[in-house]
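This report describes the fold, packing and selected residues of one protein chain. The sequence and the model are shown first.

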Amino acid sequence: MRGLRQLSRRLLSNVPENTVYGGPKPQTPSQRFTLANLRQKYARGEPITMVTAYDYPSAVHVDQAGIDICLVGDSAAMVVHGHDTTLPVTLELMLAHCQAVARGATRPLLVGDLPFGTYEASSNQAVDSAVRVLKEGGMDAIKLEGGAPSRISAAGAIVEAGIAVMGHVGLTPQAISVLGGFRPQGRNVSSAVKVVETALALQEAGCFSVVLECVPAPVAAAATSALQIPTIGIGAGPFCSGQVLVYHDLLGMLQHPHHAKVTPKFCKQYARVGDVINKALSEYKQEVESKTFPGPSHTPYKISAKDVDGFLKELQRLGFSDAATAAAAAAENIEIASTQSTKSS
């Protein structure tokens with residue numbers, strides 16, 4: 001029964017409604033990508049795909065593209081909310097993002113980030129936060145940044161509580177206060193060894209996968225070879241078990257000073273969606289100002305001539321003469337425009 005409730009929750013918003021607003025078609029549970037599928041793909045040596053998304057529309061696109069894992073990252077603080085770091089995002093805000101993604105993506109393995117300040121204080125705090133991400137956020141697993149012994153312990157406690165954990169080493173954005181900013185890691189001997197050792201510690205704690213962020217390719221290759229779980233690279237070269245990029249980054253969605261400042265050097269833009277968006281918004285503005293939108297094809301709801309006459313008489317009776325005149329003129333203009341549109345087509 002509990003499984004049925006969870007399934008209905010994830011498919012609820014995907015049921016098309018017979019209204020003016022449509023919706024995507026539901027998918028079958030057999031299409032879900034699970035931890036078992038992840039392990040099988042890793043065993044076969046097949047690259048794993050992961051995309052970071054934050055809301056329902058992006059989750060639907062990730063789902064339709066067949067991406068293996070959808071990460072709801074605390075980078076939402078920067079990409080969606082305009083902050084300069086990931087630190088301000090709260091657990092409540094992350095839960096809202098997780099819920100939206102869970103409604104949109106029914107196929108991928110869903111992983112939710114534990115934000116800064118929600119798991120470092122104690123194992124109990126870590127487990128409580130992770131439980132909420134699954135129960136309230138609708139995620140399949142959580143991700144946390146490793147490094148300090150307390151974070152490794154937190155990962156172990158969450159795994160012992162029956163929750164799947166993805167680790168994260170290298171550049172860990174939540175630790176910028178210690179790192180001195182968003183700086184690549186593993187660029188000297190001691191730092192490179194620490195990356196590998198931390199990844200191994202996260203594996204020992206029970207993590208099913210580890211994200212390697214902003215480390216040199218040889219360091220990522222060494223960690224990938226040393227581990228018996230998949231590594232997911234981001235700015236870590238081509239030798240990881242899989243790759244992850246942020247939805248907005250890989251689509252080239254945002255072109256403005258703030259995003260230019262926070263877009264990483266390693267990100268490849270597979271499109272320039274932001275340019276398309278800006279062009280569309282400009283065209284919309286121009287058409288509204290020139291009164292060419294909405295035209296007949298975007299004015300679909302009709303009222304019969306008989307009902308228009310009745311409506312005009314009722315407006316006159318109620319003392320709304322100016323409104324009746326406006327309605328009459330609108331009806332005439334719509335009729336003329338519709339006739340011209342039919343002739344031109």
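The sections below cover the basis of the model, the barrel, its strands, the nonpolar cores and some individual residues.

## Basis of the model

The structure is a predicted model, in which local features need pLDDT of at least 70, side-chain atom pairs count only at pLDDT 80 or more, and totals for chains, interfaces and linings use all residues. Residues are numbered from 1 along each chain as its sequence is written, and side-chain values use heavy atoms, with hydrogens and water left out.

## Overall composition

The protein chain contains 15 helices and eight strands. Helices (H or I, at least four residues) and strands (E, at least two) are DSSP runs numbered from the N terminus. Of the chain's 345 residues, 42% count as buried; buried means under 20% relative accessible area, exposed over 50%, and partly exposed in between (1.4 Å probe, protein chains only).

Contact means heavy atoms within 4.5 Å. Among contacts in the protein chain with a separation of 6 or more, 58% are made by residues 24 or more positions apart.

## The barrel

Eight strands form a closed barrel in the order β1-β2-β3-β4-β5-β6-β7-β8, with parallel pairing. From one strand to the next the twist averages 25°. Angles run from 0 to 180 degrees between N-to-C directions, and axes are lines fitted to C-alpha atoms, for helices over the stretch in contact. Helix α5 (residues 91–104) packs on the sheet, where it touches β2 (69–72) and β3 (109–113), and the direction of α5 makes about 155° with that of β2.

Two strands count as paired if DSSP finds at least two bridges between them. Strand β8 (residues 242–246) is joined to strand β7 (residues 231–234) by two bridges, the strands running parallel. G233 stands opposite Q243 in β8, and I232 has G242 of β8 as its bridge partner. Strand β1 (residues 48–52) also runs parallel to β8, and five bridges join them; here T52 stands opposite V246 in β8. Four of the five residues of β8 are buried, leaving this strand mostly covered.

Strand β5 (residues 164–170) has seven of its seven residues buried, so it is largely enclosed by the rest of the structure. In a regular strand, side chains alternate between the two faces of the sheet. In β5, A164, M166, H168 and G170 point one way, while V165, G167 and V169 point the other way.

Strand β4 (residues 141–143) runs parallel to β5 and is joined to it by three bridges, with K143 opposite M166 in β5. Between these strands the chain passes through helix α7 (residues 149–160), and this β-α-β crossover is right-handed: with the strands pointing away from the viewer, the path from the first strand over the helix to the second runs clockwise. β5 also pairs with strand β6 (residues 209–213) in the parallel sense, over five bridges. In that pairing M166 stands opposite S209 in β6.

## Nonpolar cores

A nonpolar core is a set of buried Ala, Val, Leu, Ile, Met, Phe, Trp, Tyr and Cys residues joined through side-chain atoms within 4.5 Å. The largest has 57 residues, of which V133, I142, L144, I158, L202, V210 and L212 touch the most other members. Helix α5 gives the most to this core, with six residues. Another core, of 16 residues, lies apart from it and includes L38, A141, A164 and M166.

Leaving out residues up to four places away in sequence, V210 touches G167, H168, V169, A199, L202, L227, I229, P230, T231 and I232.

## Individual residues

S191 is found in helix α9 (residues 189–204) and is buried, with a relative accessible area of 17%. Neighbours within four places in sequence aside, S191 is in contact with Q185 and G186. R183 is found in the loop between α8 (176–179) and α9, and at 47% relative accessibility R183 counts as partly exposed. The C-alpha atoms of R183 and C214 are separated by 7.9 Å, although these residues are 31 residues apart along the chain.

A search of the whole structure finds one aromatic pair. Y284 and F293 form this edge-to-face pair, at 6.1 Å centre to centre with 65° between the planes. Rings of Phe, Tyr and Trp (its six-membered ring) pair if their centres lie within 6.5 Å; planes under 30 degrees apart count as stacked, over 60 as edge-to-face and the rest as tilted. F293 is partly exposed, with a relative accessible area of 34%.
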